[in-house]
Amino acid sequence: MLNIKNLNKSYGKRQVLQDLNLNVDSGEIYGLLGANGAGKTTTINIICNLLKADIGDIKINNQLISESTKKIIGIAPQENILYKTLTCEENLQFFAEIYGLNRATVQKQIKEILAAVNLLDRAKNPVETLSGGMQRRLNIAVALVHQPKLVILDEPTTGLDIEARYEIWELIRQLKHQGITVLLTTHLLDEAERLCQKIGILKDGRILVEGSLAELRNLIPAQEILTIKTTQEKEAIACVQKYGFTHRYYDNELAFWLPESWDLKEIISQFEGISIDAISRQPVRLEHIYLEVTQKYSSPKSF
Ligand SMILES: Nc1ncnc2c1ncn2[C@@H]1O[C@H](COP(=O)(O)OP(=O)(O)OP(=O)(O)O)[C@@H](O)[C@H]1O
C-alpha cells in the first residue's frame, strides 16, 4: 500500500532522514515509533506531499506520490486542526468542501462519520465545548471525510486519559475492520503493542528495524525478563554468570534475560546467599526491544 525507498531529507545542513525505507501493507495498522526529533512528522509530511524529499521514492498503491495521491490519504496531525467556534458538523462540512465534496451529498456521510467517532449527539455543539478526547476523535473524523484508503494518525492519543485513549484505540481498530490502512506514530509502546500488526523503529532518520511484534521479539533471545531488587547486584550477576544470562538495567532496576521459562523456586535457588527484596518476571515487551534497538537501556554497570 505504502512503500518508501531510500528517503533522504535535510533542513539546511542537518540531515533528518537518511535512506529511510518503510513498507506498509494494505489493511494493516503500522506503528512508527521514535523519540522526539527522530523524523516521524517529517516523514508524514513528505508522504502527504506537503514537503519535498531531497532523494527517495514514495509509492502509494504503486503510484508515485503527487497531488492526486493526496485524495487517497487522510491525515490527523498531532495538533488538532479544528475550528473551535464551529460545531462538529460545520467542521466536517468545511473540510469536505476543501476536498471538493458537494455539501448536499456529503451530509449523510458526515452523520456516519460522527457516529463512527461516537460524536453524533454532539453534532451541533461547538468544538470548544468538547472534552480533549472528543476533540481528538473529531480531529480523526476530519481525516476520514473524503473516504481515504490510508489514514495517518500522528500521535493520536498523546495527553489523553486512559478512557479517552481506549475510545481512540477502538476507533482505530474499527478503521482496520473497514479495510482502511493506518499509519500511526506514537511514543506509547503499549499503544503500538496493542494495535499494530507491524512496527518500525525510527532513530535519527533511519528505520532500525521493521516487522511484526513476533519478529521483533526474536531480537531478544529470552523467554522472560526477570527483575530483581537487591543491594547485592554484583553478587547476583555473578550467581547466574554460569548460565550466560544477559543483564540490563530497566528504569534503574537490575534485570536478566531468561532464555527459557524457569520455575520460580528454581530461579530463587540460583541466588542463594543473596538478600533479595523483590523479584518479578514478565514477558519480553516492546519496551525492552525498543530500548535494545535504540541502545537506550542503561549500560550494564561495571563494579
Ligand atoms: N522546518 C524545519 N526546519 C528545520 N529543522 C526542522 C524543521 N522541521 C523539523 N526539523 C528538525 O528535524 C528533525 C526531525 O523532526 P520531526 O518533527 O520530523 O521529528 P518527530 O519524530 O516528529 O518528533 P516529535 O515526536 O517531537 O514530533 C528534528 O531535529 C527537528 O528539529
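What share of the contacts in the protein with a separation of 6 or more comes from residues 24 or more positions apart? The share is 72%, where a contact means C-beta atoms, placed from the backbone, within 7 Å.

The model is predicted: local features need pLDDT of at least 70, side-chain atom pairs count only at pLDDT 80 or more, and totals for chains, interfaces and linings use all residues. Numbering starts from 1 along each chain as its sequence is written.

Start with the whole C-alpha trace, which spans about 75 × 45 × 30 Å along its principal axes. Colour by secondary structure to find 10 helices and 14 strands, taken as DSSP runs numbered from the N terminus (helices H or I, at least four residues; strands E, at least two).

Next, select Leu-92, Ala-141, Val-151, Ile-152, Val-182, Leu-183 and Leu-184, which touch the most other members of the 70-residue largest nonpolar core. Such a core joins buried Ala, Val, Leu, Ile, Met, Phe, Trp, Tyr and Cys residues through C-beta atoms within 7 Å; buried means 20 or more other C-beta atoms within 10 Å of a residue's own. Helix 4 (residues 132-144) supplies the largest share of this core, six residues. The core lies between domain 1 (2-217) and domain 2 (224-293), because both give residues to it; the bounds come from an automatic or database domain assignment.

Centre on Val-151: beyond four places in sequence, its contacts are Gly-74, Ala-143, Leu-144, Leu-175, Ile-180 and Val-182.

Finally, show the ligand and the residues around it, including Tyr-11, Val-16, Asn-36 and Lys-40 (C-beta atom, placed from the backbone, within 6 Å). Helix 1 (residues 40-47) gives the most to this shell, three residues.

Key:
A residue is buried if 20 or more other C-beta atoms lie within 10 Å of its own, exposed if 12 or fewer, and partly exposed in between; C-beta atoms are placed from the backbone. Two residues are in contact if their C-beta atoms, placed from the backbone, lie within 7 Å.
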